Amino acid sequence: CNNDCVLAASNGGLIEFDQQSRNISIYTNNDFLDNINISYFHIDKIGTYWIGYDSNPTKITYYTKNGKIKHYDFQFSKINTIASDSNNILIAYEKNLTKGIAHFVRNNDEYAFKDFYEQFPIDLGKIHSLQIFDNKIYIGSTNGLLTGNLNNPNLKPSEAWTIINNNDTRNFYSFNDTLFLTQNNSIYYLNDNSPILSSNDIDITTYSAVTFSSNSQSLFYANTYHIYKKTNNNWEQIYSTNRSDKIITGLTCSNEKLFLGIRNEGLIEISFDGNILSSFIPNSPIFTRTTTFRSLAIDNNGNVYIAHNDGIDIFRQYYWHDLIKADSTINISSSTNSNSFSSDTLAYSIQKGTEGATWDMYVSSNNYLYFTLTDYHTSVEQYLDYEPIVGLGVFFKLNLNDYSEYSLYDTTDDIFHGTENLGGTRS
């Protein structure tokens, strides 16, 4: 992607944000992806996309700038990370209980598979990161930091790899001829293969490391809640989410701005001094806040409805709209934007039992949506009184032409508070 474009991988596909037009495009398995649940996305030195997936079995997608698509199928269970230099691609994978690295080599603008490396001097646990630096391969894993000589013609035996230490290593980043890494959530740099603490002037060890990013002048680091900028030998905090549920999942530097990925909240654009410039929620199926749903219906127009413990997701004409359960706040907008994800909130409070789940769903000809929830109750007291009986539940009715018109009926004959008047009013 060029400098005017930001790419973000998600469990709903690959998101492309054009900084000039402010348009958002979504690429899925209807395009060049093999699966929408992306575990790792990497762009190599010649602009080729390398994509791994969190599915079992999973493939590796290779997509070039001229539109060539290739899917490598090695029956891997998961792709964890990808790294490259000008002539090599390294892909860390899991194959059942085996942890390994797949090596590809470049020949002009094509790549050929070279070998698998699965023998190491320690049990790696999980490979979190890879880096090619100064003709060496670095492996960051749960159980240690390892290195191997890239020019070694045979990296298959465990003897080809050297253990630097046994600390949990999560991230690598090369900046100004220095290799930075994180171990146990602290930032280090390598000096003759010895990790040296990069800075201890502030406490950056409390939260999990996420990633590094940079432009030509500045290096940035993100953990789950904060962004830091390296100033001389110190790390200066420039941004904090200030919310325990607002988790940073990614960071990239574009010109004089930073883009953050926030879990279930899309992209946030900030300046180098930490001021929020704008935010974007992509038109992507991010309804997987929960995996406990069994209710799906399709109406005569091809619209898809999914009900789950957190609300209702609607897929209509290539955009997603969520109706999110909230305890007290009803917020229903008068329109939706087909270029971006949108959501409203419906106010209802229910208590989930041991086996709480959504079940049957139906869309009627007069555009009402119906679905059932089993093992849900009106209050904590009712939940305790009826346990361990399973099967008590809720019948939900929603007017798809007017989201403010909704009702919940308790099959235990207890009336839900606030539902006698058909939900809320449009705001």
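## A guided tour, starting at a salt bridge

Select Glu269 and Lys257: their side chains meet in a salt bridge, 2.9 Å from N to O. A salt bridge here is a side-chain nitrogen of Lys or Arg within 4 Å of a carboxyl oxygen of Asp or Glu. The model is predicted: local features need pLDDT of at least 70, side-chain atom pairs count only at pLDDT 80 or more, and totals for chains, interfaces and linings use all residues. Residues are numbered from 1 along each chain as its sequence is written, and side-chain values use heavy atoms, with hydrogens and water left out.

Stay on the pair. Glu269 sits in strand β26 (residues 266-271) and Lys257 in strand β25 (residues 257-262), so the bridge ties together parts 12 residues apart in sequence. Helices (H or I, at least four residues) and strands (E, at least two) are DSSP runs, numbered from the N terminus. Glu269 is buried, at 3% relative accessible area. Buried means under 20%, exposed over 50%, and partly exposed in between, with a 1.4 Å probe and protein chains only.

The structure holds 5 salt bridges. Select Lys68 and Glu110. Their closest N and O atoms are 2.7 Å apart. This pair links distant parts of the chain: Lys68 is in the loop between β6 and β7, Glu110 is in strand β11 (residues 110-117), and 42 residues separate them. Lys68 is partly exposed at 35% relative accessibility. Glu110 is also partly exposed, at 37%.

Now go to Asp168 and Arg170, whose side chains form a salt bridge at 3.0 Å, N to O. Asp168 is buried at 19%, while Arg170 is partly exposed at 33%. Side chains of opposite charge can pair when their charged atoms come close.

**Next: Asn66**

Go back to the loop between β6 (58-63) and β7 (69-76), and select Asn66. Asn66 is exposed, with a relative accessible area of 69%. Its side chain makes a polar contact with the side chain of Thr64 at 2.3 Å. A polar contact is a pair of N or O atoms within 3.5 Å; within protein, one must be able to donate a hydrogen and the other to accept it, and residues adjacent in sequence count only if both atoms are side-chain atoms. The Asn66 side chain also reaches the backbone nitrogen of Lys68, at 3.3 Å.

**Next: Ser214**

Select Ser214, in strand β20 (residues 209-214). Ser214 is buried at 18%. Its side chain makes a polar contact with the side chain of Tyr173, at 2.8 Å. Beyond four places in sequence, Ser214 is in contact (heavy atoms within 4.5 Å) with Tyr173, Phe175, Leu219, Phe220 and Cys253.

**Next: Leu33**

Leu33 lies in the loop between β3 (24-27) and β4 (38-43). Leu33 is buried, at 4%. Leu33 touches residues including Leu14, Tyr27, Ile51, Tyr53 and His71.

**Next: strand β13**

Select residues 136-141. In this strand, β13, 5 of the 6 residues are buried, so the strand is largely enclosed by the rest of the structure. Strands pair if DSSP finds at least two bridges between them. Strand β12 (residues 127-133) runs antiparallel to β13, joined by 6 bridges. Phe133 stands opposite Lys136. Their hairpin has 2 residues between the strands, and Asp134 takes a positive phi near 55 degrees.

Look to the other partner. Strand β14 (residues 144-149) is also antiparallel to β13, with 6 bridges. Here Ile137 stands opposite Gly148. β13 and β14 form a hairpin with 2 residues between them.

**Last stop: the cores**

A nonpolar core is a set of buried Ala, Val, Leu, Ile, Met, Phe, Trp, Tyr and Cys residues joined through side-chain atoms within 4.5 Å. The largest has 22 residues; select Ile312, Leu346, Leu369, Phe396 and Leu398, which touch the most other members. β29 (304-308), β30 (311-316), β33 (351-363), β34 (368-377), β35 (393-399) and β36 (406-410) each supply at least two residues of this core.

Centre on Leu398. Leaving out residues up to four places away, Leu398 touches Ile312, Leu323, Leu346, Asn367, Tyr368, Leu369, Tyr403, Glu405 and Tyr406. Apart from this core lies another, of 18 residues, among them Ala83, Ile127, Leu146 and Leu155.
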